[in-house]
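Morning, everyone. Please look at the rings in this one with me.

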Amino acid sequence: DRIGDVVLSTPVIKALRDEYPNAYIAMMVSPYTKEIVEGNPYLDEVIVYDKDKSWLASAKFALQLRKKKFDLALVLHPANNVHLLTFSAGITKRVGYDRKLGFLLTDRIKHAKQFGVKHELEYNFDLLKYLGIEPKNKKLFFPIKQEAEERLDVLFREEGLHRSDKLLAIHPGASCVSKIWPQARFAQAADKLADKFGFKIVIVGGPKDLVYAENTAKAVKHGAINFAGRLTVGQLASLLKRCQLFVSNDSGPVHIASAVGVPVISIFGRSQAGLGPKRWGPVGERDRFLHKSAGCIECSAHNCKKSFLCLDAVKVEDVIEAADLILK
């Protein structure tokens, strides 16, 4: 699945290794999330599967999986192609959720994630508990690689940054318009935090976030270094690890920051069951989320007819107050 989902699945890897210390454990991920698990000490192999390939390519991929003779497939994210792949690969025991061609699994548990009664971490652990495994550690893990650190050193020199600088990172983009707090407010919050704590400001984001990042950078009075679209996922983790605070919309980088130990302020809008902070909030000890109700009877998410009043309800002062709680 996507970045945040994969980061939130990393405690499962450790739990499996603890339970099966001598097993051969592989993880199948998409190409753009492979850096999250490459270098994970509890994995023997990272298998990269591109779901956008043709059916013929997927059939060949299934044959390759069959040759590996896996005994168990644990499907954390229910998806038609994954259920079909693990079935076609002849994996003896296939455990997952009962949706999206779930009938192809040998063992199914009820899918209720859409109700959001607990965190995504706990939903992942439900599959482990079905196997009789009680996870001992809920800590997220993201391997920091030497090559990513070296690249960050180069970028820091080019941008006039130093390891001793106090850095505030902000992420004004997200995967859906219903998650995006106004860029002007990100800029205002960044300026106030820079005044209060002496931060230098960096902006992060993926290639799809460039407009949001550029708009925010232009609005920051203190000046901001815009790294949006310039970093791999691994390099983003290295950058966030060097920061003292991360302020972000609800997005994958939130969970990367939690994994590398950087305190997070995550801004939520939607009140739809299963999409809020109870399921997707940051999990670090010092992390905070901001989420306010706009009084909607039913959330329409990206089809909102109220100009995203829930996002508008989160004020710059709320971010400053959360930062005070974290940093003081």
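Is phenylalanine 289 buried, partly exposed or exposed? Phenylalanine 289 counts as partly exposed, because its relative accessibility is 44%. The cut-offs: buried is under 20% relative accessible area, exposed is over 50%, and partly exposed is in between, with a 1.4 Å probe and protein chains only.

A word on the model. It is predicted, so local features need pLDDT of at least 70 and side-chain atom pairs count only at pLDDT 80 or more, while totals for chains, interfaces and linings use all residues. Residues are numbered from 1 along each chain as its sequence is written, and side-chain values use heavy atoms, with hydrogens and water left out.

Now the aromatic pairs. The whole structure holds four of them. Rings of Phe, Tyr and Trp (its six-membered ring) pair if their centres lie within 6.5 Å; planes under 30 degrees apart are stacked, over 60 edge-to-face, the rest tilted.

One of the four joins tyrosine 49 and phenylalanine 61. This pair is tilted, with 4.8 Å between centres and 45 degrees between planes. Tyrosine 49 sits in the loop between β2 (45-48) and α4 (55-68), and phenylalanine 61 is in helix α4, so the pair ties together parts twelve residues apart in sequence. Helices (H or I, at least four residues) and strands (E, at least two) are DSSP runs, numbered from the N terminus. Both tyrosine 49 and phenylalanine 61 are buried.

Back to phenylalanine 289. Its partner is phenylalanine 268, in an edge-to-face pair: 6.3 Å centre to centre, 80 degrees between the planes. Phenylalanine 268 counts as buried, at 1% relative accessibility.
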